[in-house]
Every structure is written in C-alpha cells, then in structure tokens.
Amino acid sequence: MTEKDLWAYKDAKRELVNAQEKLREYEAVIYSPAAPNLSGMPSAHGAEADGKITAVAQRHENLLADVARCKEAVAIAGAILDDVGRMLDDREQEFLLYRYILGLSWDDTQAKMYRSRKSMGGIRASILQKI
C-alpha cells in the first residue's frame, strides 16, 4: 500500500459528489414541468419521439450507475482506511483523519494537531512505514 491508496477515499468522495450533482441536475431537467415528453425537446411523433425518450432514459440510467459505482468506491476506500487506522496510534489516526479522510491541507492539519512541521513529517513517515 502506498500514500496514493490513502488519498483514494478523498478522491472517491469527490467523484461521488460530482456524480450526485450531475444526477440531480439531470433529474431537475427531465422531471421539470417544462419537459412534458421527458426529453426537454419540443414534442415529436413516432420513432423520433421514442428515440428521444430512450436516449433520456439511457442517460438517466448511466448517471444512476455512476452514482452507484462511486458509492462502492467510497465504501472500499473507507474500509481500507478503517483497516489502516487499526494499525495506528492515536496521533497517527488523527493525522489520517485530517489529512487523508477530510483532505485538509498540510497547514490546516498542522494547526488542528498543534504540531510542528517536522513533527508532522515524522507522523506521516511513521504511517507510511506501517502501511
């Protein structure tokens, strides 16, 4: 395991938020009263209308699948961080929380933990050595 694996949780959470936002925006359009045929396009007849509705339904299904995939990635990355957290002492767990789970900057993590830069580097090195 590397430090990149520790960042996977924050990255997965960011992707999940983005996927959920895209889904909300799309649902706002397709469920809007201004979209009577579910496509957001002027009404059409026959095969053209069926094609538009099918495309809208497929796009919606894809967005739902993206959200589900992102939720799974968050769960997997969270489980990895839980396993890593069990190997760490209290100060290392605190660093793990601030830096890798919450994604705080180095300076913000340092301020929250009331530690020097050198001490923070030692905590990080200790975590990386353990994993």
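This is a predicted model: local features need pLDDT of at least 70, side-chain atom pairs count only at pLDDT 80 or more; totals for chains, interfaces and linings use all residues.
Trp 7, Phe 95, Tyr 100 and Trp 106 form one aromatic cluster.

Now the overall layout. The chain has five helices and zero strands. Along the sequence, the pattern reads α-α-α-α-α. There are 131 residues, and 31% of them count as buried. What about contacts across the sequence? Take the contacts with a separation of 6 or more: residues 24 or more positions apart account for 63% of them.

Back to the aromatic rings. How many aromatic pairs does the structure hold? It holds three. I will show two. A pair of aromatic rings is described by the distance of the centres and the angle of the planes.

Take Trp 7 and Tyr 100. Their ring centres are 4.8 Å apart and their planes stand at 70°, so this pair is edge-to-face. Trp 7 sits in helix 1 and Tyr 100 in helix 3, so the pair ties together parts that are 93 residues apart in sequence. Buried or exposed? Both Trp 7 and Tyr 100 are buried.

Tyr 100 also pairs with Phe 95. That pair is edge-to-face too, with 5.9 Å from centre to centre and 65° between the planes. Phe 95 is buried, like Tyr 100.

Next, helix 3 itself. Helix 3 covers residues 90–101. Which of its residues are buried? They are Glu 92, Phe 95, Leu 96, Tyr 98, Arg 99 and Tyr 100. Look at the two ends as well. Asp 89 caps the N-terminal end of helix 3, with a side-chain oxygen 3.2 Å from the backbone nitrogen of Arg 91. After helix 3 comes Gly 103, with a positive phi near 70°.

Now the packing. Two packed helices are described by the angle between their axes and the distance between the axes.

Helix 1 and helix 3 come first. Their axes are 8 Å apart, and the helices pack at an angle of about 65°. That makes helix 1 roughly perpendicular to helix 3. Who meets whom? From helix 1 we have Glu 3, Leu 6, Trp 7, Tyr 9 and Lys 10. From helix 3 we have Leu 96, Arg 99, Tyr 100 and Ile 101. By class, this contact of helix 1 with helix 3 has six nonpolar, no polar and three charged residues.

Then helix 3 and helix 5. Helix 5 runs over residues 117–130. The axes of helix 3 and helix 5 come within 10 Å and cross at roughly 95°. So helix 3 is roughly perpendicular to helix 5. On the helix 3 side, Arg 91, Glu 92, Phe 95, Leu 96 and Tyr 100 take part. On the helix 5 side, the residues are Met 120, Ile 123, Arg 124, Ser 126, Ile 127 and Lys 130. The contact of helix 3 with helix 5 divides into six nonpolar, one polar and four charged residues.

Look at Glu 3 again. Glu 3 lies in helix 1, which spans residues 3–30. Its side chain makes a polar contact of 2.6 Å with the side chain of Arg 124. Leaving out residues up to four places away in sequence, Glu 3 touches Tyr 100, Arg 124 and Leu 128.

One more stop in helix 5: Ala 125. Ala 125 is partly exposed, at 41% relative accessible area. The C-alpha atoms of Ala 125 and Glu 92 are 9.9 Å apart, while the two residues are 33 places apart along the chain.

Now over to helix 2, residues 47–86, and to His 60 within it. Is His 60 buried or exposed? At 13% relative accessibility, His 60 counts as buried. Setting aside neighbours within four places in sequence, His 60 is in contact with Leu 23, Tyr 26, Glu 27, Ile 30 and Tyr 31.

Last, a residue in a loop. Tyr 114 is found between helix 4 (106–113) and helix 5. Most residues other than glycine have a negative phi. Tyr 114 has a positive one, near 55°. At 77% relative accessibility, Tyr 114 counts as exposed.

Conventions: Residues are numbered from 1 along each chain as its sequence is written. Side-chain values use heavy atoms; hydrogens and water are left out. Helices (H or I, at least four residues) and strands (E, at least two) are DSSP runs, numbered from the N terminus. A polar contact is a pair of N or O atoms within 3.5 Å; within protein, one must be able to donate a hydrogen and the other to accept it, and residues adjacent in sequence count only if both atoms are side-chain atoms. Contact means heavy atoms within 4.5 Å. Axes are lines fitted to C-alpha atoms, for helices over the stretch in contact, and angles run from 0 to 180 degrees between N-to-C directions. Angles under 35 degrees count as roughly parallel, over 145 as roughly antiparallel, 65 to 115 as roughly perpendicular and the rest as oblique. Ala, Val, Leu, Ile, Met, Phe, Trp, Tyr, Cys and Pro count as nonpolar, Asp, Glu, Lys and Arg as charged, and the others, Gly among them, as polar. Rings of Phe, Tyr and Trp (its six-membered ring) pair if their centres lie within 6.5 Å; planes under 30 degrees apart count as stacked, over 60 as edge-to-face and the rest as tilted. Buried means under 20% relative accessible area, exposed over 50%, partly exposed in between (1.4 Å probe, protein chains only).
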